[in-house]
Amino acid sequence: MALSLFSFAAQPSQLVNSREAHSLLKPSTLLSVSANPNSSSACALQCQHFDSCSGCTHQWNLHRPVVLDEVTEFFRDLGVSDFTFDTCRLWGWRCRAKLAVRGSSDKPLIGLYEEGTHNVVDIPLCRAHHPNINAAVELLKQGIAKLDVQPYDEDSRTGELRYVQMAVTLHNTSLPWSKRYISGRVQITLVWNSRSENSPSSDKLNALAQFLWRSGGPSSNVHLVHSVWANFQTSSNNIIFGNRWRHLLGERDFWEHVGGIDVSLAPSSFGQANTRAFDSLLRKLQTYVPYGTSFTDLYAGAGVIGLSLAVARKCRSVKCVEINKEAKVSFEKTISRLPESIDSSISWHQADTSNEPLSWLEGSDVVVVDPPRKGLDPPLLDALQTIASSERKARLSESSSPKEKNEKRPWVLRAREAAVQIESKTTWEKSSSLPQTLIYISCGWESFKEDCKSLLSSKAWHLEKAHGFNFFPGTQSIEILAVFKRGQGTSKKKKKTSKKKNKLQSQYDQN
Ligand SMILES: C[S@@+](CC[C@H](N)C(=O)[O-])C[C@H]1O[C@@H](n2cnc3c(N)ncnc32)[C@H](O)[C@@H]1O
């Protein structure tokens with residue numbers, strides 16, 4: 001995963017005090033975007049790293065990303081005039097950060113690359129980070145200095161510590177929200193420049209983990225550290241993580257609570273950085289999924305979307321498809337905490353959605369796609385565009401998909417087999433229908449626009465609703481939730497025209 005896209009900036013080097021905490025906890029606001037809300041300096045980033053750090057691109061009006069006007073207009077032109085935008089939390093929102101470690105053991109730099117370079121900018125007071133990420137970074141720096149840990153040197157490919165991933169859990173739901181936020185604990189993953197835990201530098205790795213645990217674990221003054229993990233990476237490219245992960249200290253399982261369920265997230269699986277904003281999005285998403293639906297979650301990660309809908313909307317079936325095999329363990333753990341009353345058939349498939357995409361859509365009423373920034377894979381986009389003709393063909397041949405039945409390629413068959421399968425208690429009738437609703441969740445505005453235009457131009461879908469969420473305040477990014485329905489629909493503009501016509505007609509009739 002490329003570093004520069006993902007990490008951002010920080011806050012004080014210790015746990016925040018209650019006044020600071022209060023300022024970080026401004027409630028989110030839902031803007032109906034037609035009226036321009038006040039742009040005030042109260043929504044300024046006020047981060048001293050802004051000029052050098054590449055994490056944030058905007059320091060004013062954090063509540064209104066620059067792209068918002070364009071987004072609003074785009075949807076208005078497509079007939080969605082009630083687009084809403086949730087401003088979410090403006091500071092201290094980032095609960096997950098991947099940071100480069102460079103410099104020297106007595107002066108480590110932990111942060112992001114300066115724009116267009118591989119020079120790391122130290123960002124101890126980042127305003128986007130959850131304050132406890134900054135506190136954990138400070139602790140890590142102390143450990144590096146004390147134990148003479150060598151930060152990685154990209155030119156010589158020497159050194160020990162390459163990157164660190166910090167993830168904060170806000171899981172403790174027994175606490176009121178402000179306390180829950182401030183007492184969030186940090187899972188620290190040290191990306192170590194060796195092949196495995198058996199390399200000669202492992203003693204130092206273990207000593208560093210012990211230091212973090214002693215100084216920030218349960219027997220320290222402030223229990224800040226949730227756990228310590230190691231990832232081993234020796235490759236010379238820009239990829240942050242290697243394939244080998246080891247749990248070193250603390251709780252192995254990392255739980256979060258979003259969308260109404262407990263969710264397990266291993267350090268190796270994808271997790272949304274802005275936990276609170278993601279929760280808002282999930283709650284909005286739930287309102288578009290009818291009770292008892294059959295549901296496919298494509299680009300599912302650890303299945304958070306699918307499983308939260310399985311519970312909130314009592315889905316008949318939920319099928320999750322994800323390419324990263326590491327997410328499977330998290331999915332299984334999350335299932336173990338779902339309410340016993342749940343009666344859904346649930347499966348998780350380790351597969352590439354672009355491989356025979358129609359097979360994943362079959363049998364579902366609703367499909368959610370949540371692709372990476374680059375947008376939908378072309379074969380999936382193509383399948384969605386031609387969904388109506390696929391349906392017609394299937395009906396004609398009476399068998400929904402003859403190609404499916406004749407499939408012989410072992411890798412395709414293997415991918416279709418569920419890696420995790422939980423049967424429902426009720427035996428539901430199997431359906432071969434294709435989805436009538438498509439919910440597109442996007443973190444890449446440019447690719448979304450293109451995909452959206454392609455879907456609409458195919459006339460297979462029309463756009464019904466759209467919402468925006470401020471997942472990444474201080475950047476140009478916006479998270480979109482768009483609801484498409486099958487068929488061409490009646491454009492709202494057209495509806496208005498016909499109302500006008502009717503009015504004219506009735507005036508004419510009266511005359
Ligand atoms: C933006 S994340 C969304 C994850 C999940 N929906 C969530 O919110 O936690 C995109 C996910 O798509 C996965 N992915 C990328 N390309 C894929 C593909 N071709 N097929 C299946 N999954 C893919 C990535 O591994 C990543 O987990």
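1. The ligand has 19 residues around it, and F270, Y299, G301, I323 and D370 are the closest. A residue is near a molecule here if its C-beta atom, placed from the backbone, lies within 6 Å of it. By class, the shell around the ligand holds 10 nonpolar, five polar and four charged residues. In this scheme Ala, Val, Leu, Ile, Met, Phe, Trp, Tyr, Cys and Pro are nonpolar, Asp, Glu, Lys and Arg are charged, and the others, Gly among them, are polar. At least two residues of the shell come from each of α7 (304-312) and β13 (317-322); helices (H or I, at least four residues) and strands (E, at least two) are DSSP runs, numbered from the N terminus.

2. Please keep in mind that this is a predicted model: local features need pLDDT of at least 70, side-chain atom pairs count only at pLDDT 80 or more, and totals for chains, interfaces and linings use all residues. Numbering starts from 1 along each chain as its sequence is written.

3. Where does UniProt place the feature "active site"? The unreviewed entry puts it at C443; UniProt positions follow the numbering used here, feature names are shortened, and annotations may be inferred rather than shown by experiment. C443 sits in the loop between β17 (437-442) and α14 (445-457). C443 counts as buried because it has 21 C-beta neighbours inside 10 Å. The cut-offs are 20 or more other C-beta atoms within 10 Å for buried, 12 or fewer for exposed, and partly exposed in between, with C-beta atoms placed from the backbone. Setting aside residues up to four places away in sequence, C443 touches R373, F471, S477 and E479, a contact being two C-beta atoms, placed from the backbone, within 7 Å.

4. Now to the strands. β7 (residues 185-192) has eight of its eight residues buried. One side carries R185, Q187, T189 and V191, the other V186, I188, L190 and W192, and both faces are covered. β7 runs antiparallel to β6, with eight bridges joining them; two strands pair if DSSP finds at least two bridges between them. M166 has I188 in β7 as its bridge partner.

5. On to β8 (residues 225-232), where eight of eight residues are buried as well. β7 and β8 pair in the parallel sense over seven bridges. From β7 the chain passes through helix α5 (residues 202-216) to β8 in a right-handed β-α-β crossover, meaning that with the strands pointing away from the viewer the path from the first strand over the helix to the second runs clockwise. Two pairs to look for are T189 with W229 and W192 with F232. β8 is also joined to β9 (residues 244-250) by six bridges, in the antiparallel sense, and S227 partners G250 there.

6. Finally, have a look at G159, in the loop between α3 (131-147) and β6 (161-169). With 20 C-beta neighbours inside 10 Å, G159 counts as buried. Beyond its neighbours within four places in sequence, G159 contacts Q150, P151, Y152, D153 and N193. G159 and S194 are 35 residues apart along the chain, with 9.5 Å between their C-alpha atoms.
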